[in-house]
Amino acid sequence: MRIARFSIDGNVAFGAVEGDAAPGNEASLVLDIIKGIPFADFELSGTKVPLSKVRLLPPVLPNKVVAIGRNYAEHAAELGNEVPDAPITFFKPSTSVVGPGDPITYPSFSQDLHHEAELAVVIGRMCREVPRERVKDVILGYTCANDVTARDVQQREKQWARAKGFDSSCPLGPWIETDLDPGDLTIQCTVNGQQRQLGRTSDMVRSIEDLVVHITEAMTLLPGDVILTGTPAGVGPLNVGDEVAVTIEGIGTLTNKVIKRG
């Protein structure tokens with residue numbers, strides 16, 4: 001099931017996306033409004049609205065986004081880094097999250113903004129110290145993410161809070177796919193229609209199971225929390241006016257435009 005969060009006539013709701021989500025078919029998609037929330041038992045209302053009549057929102061509003069750095073060997077190498085002995089974890093605040101079609105605001109304190117296409121894991125239930133064999137039980141589904149990074153700030157400040165946590169640095173969407181095997185999916189990023197990144201989730205250094213076990217050893221994850229699983233090689237600059245799109249096989253495409261902060 002594809003679960004979207006959207007607004008219509010000033011109201012916010014979740015809905016199941018129905019129809020063929022292939023590029024060019026968006027006009028045929030409809031939303032069956034969900035009674036309740038997707039983190040508990042729910043049912044479909046049978047009330048359907050065309051996707052073209054709503055505004056898609058970030059599919060979740062996470063309490064926290066836990067991100068993983070250098071989880072693709074080729075990406076680590078392209079920035080002159082080694083694959084770490086243990087996963088590098090960092091946070092992006094909830095205020096960094098925006099949805100499909102929302103602008104990415106170029107931060108005033110950076111001159112080198114980069115895209116990073118990533119598979120995002122959406123947590124479906126409160127969990128802590130999750131054993132490997134139970135990881136699938138705590139995952140609601142998967143969505144597209146862009147770990148937008150002020151690369152010059154990251155290199156200059158040596159820690160990543162401002163470089164990766166500024167407002168609008170975490171686009172998520174367009175929806176959550178709940179029925180998906182994430183083990184070997186194509187991840188692509190384009191800027192103004194030109195391909196920049198192309199990789200596969202099978203190239204991750206550490207699997208989603210590894211990451212969930214590692215993270216929940218230290219902290220409780222809540223329903224709606226998000227894990228960013230790292231980016232493949234090909235990261236590069238974004239400029240004001242650019243349109244950046246992250247496409248993940250089996251999920252869809254997340255598109256955002258870069259604007260000047262003002």
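Which residues in α4 are buried? I looked this up before anything else. Ile208, Leu211, Val212, Val213, Ile215 and Thr216 are buried in α4, where buried means under 20% relative accessible area, exposed over 50% and partly exposed in between, with a 1.4 Å probe and protein chains only. Helices (H or I, at least four residues) and strands (E, at least two) are DSSP runs, numbered from the N terminus. I then checked what lies over these residues: the cover includes β6 (65–69), β7, β11 (117–123), β12 (139–146) and β17 (226–228), with contact taken as heavy atoms within 4.5 Å.

**Basis**

The model is predicted, so I note that local features need pLDDT of at least 70 and side-chain atom pairs count only at pLDDT 80 or more, while totals for chains, interfaces and linings use all residues. Residues are numbered from 1 along each chain as its sequence is written, and side-chain values use heavy atoms, with hydrogens and water left out.

**Record entries**

The record places "domain: Rv2993c-like N-terminal" at residues 1–59. I find that span to be 0% helix and 53% strand, with its end C-alpha atoms 13 Å apart. The record lists "domain: Fumarylacetoacetase-like C-terminal" at residues 64–258. Here the span is 14% helix and 38% strand, and the end C-alpha atoms lie 24 Å apart.

**Cores**

I looked up the nonpolar cores, each a set of buried Ala, Val, Leu, Ile, Met, Phe, Trp, Tyr and Cys residues joined through side-chain atoms within 4.5 Å. The largest has 52 residues, and Leu31, Leu113, Leu119, Tyr142, Trp175, Ile248 and Ile251 touch the most other members. Helix α4 (residues 208–216) gives the largest share of this core, five residues. Another core, of 15 residues, lies apart from it and has Val60, Leu140, Val226 and Leu228 among its members.

Leaving aside neighbours within four places in sequence, Trp175 is in contact with residues including Arg2, Ile3, Val17, Leu29, Leu56, Pro59, Tyr142 and Ile251. Arg2 also lies over the face of Trp175, 5.9 Å from the ring centre; a charge sits over a ring if NZ of Lys or CZ of Arg is within 6 Å of the ring centre and within 35 degrees of the ring normal.

**Aromatic pairs**

How many aromatic pairs does a search of the whole structure find? It finds three. Rings of Phe, Tyr and Trp (its six-membered ring) pair if their centres lie within 6.5 Å; planes under 30 degrees apart count as stacked, over 60 as edge-to-face and the rest as tilted. I recorded two of them.

Phe14 and Phe39 have ring centres 6.5 Å apart and planes at 85°, so this pair is edge-to-face. Phe14 is in strand β2 (residues 11–18) and Phe39 in the loop between β3 (30–35) and β4 (43–50), so the pair ties together parts 25 residues apart in sequence. Phe14 is buried at 13% relative accessibility, whereas Phe39 is partly exposed at 24%.

Phe90 and Trp160 are also edge-to-face, because their centres are 5.0 Å apart and their planes at 75°. Phe90 lies in strand β7 (residues 88–92) and Trp160 in the loop between α2 (151–157) and α3 (161–165), so this pair ties together parts 70 residues apart in sequence. Both Phe90 and Trp160 are buried. The charged end of Lys164 sits over the ring of Trp160, 5.7 Å from its centre. Gln159 lies in the loop between α2 and α3 and is partly exposed at 39% relative accessibility.

**Strands**

I count two strands as paired if DSSP finds at least two bridges between them. Strand β15 (residues 186–191) pairs antiparallel with β16 (residues 194–200) over six bridges. They form a hairpin with two residues between them, and Asn192 in the turn has a positive phi of about 55°. β15 also pairs antiparallel with β19 (residues 243–248), over five bridges, with Cys189 opposite Val246. Val246 in turn stands opposite Leu254 in β20. β19 and β20 (residues 252–260) run antiparallel, joined by six bridges.

Elsewhere, three strands form an open antiparallel sheet in the order β13-β10-β18. Its edge strands are β13 (149–150) and β18 (236–238). Leu113 has Ala150 in β13 as its bridge partner.

How values were computed: UniProt positions are given in the numbering used here, feature names are shortened, and annotations may be inferred rather than shown by experiment.
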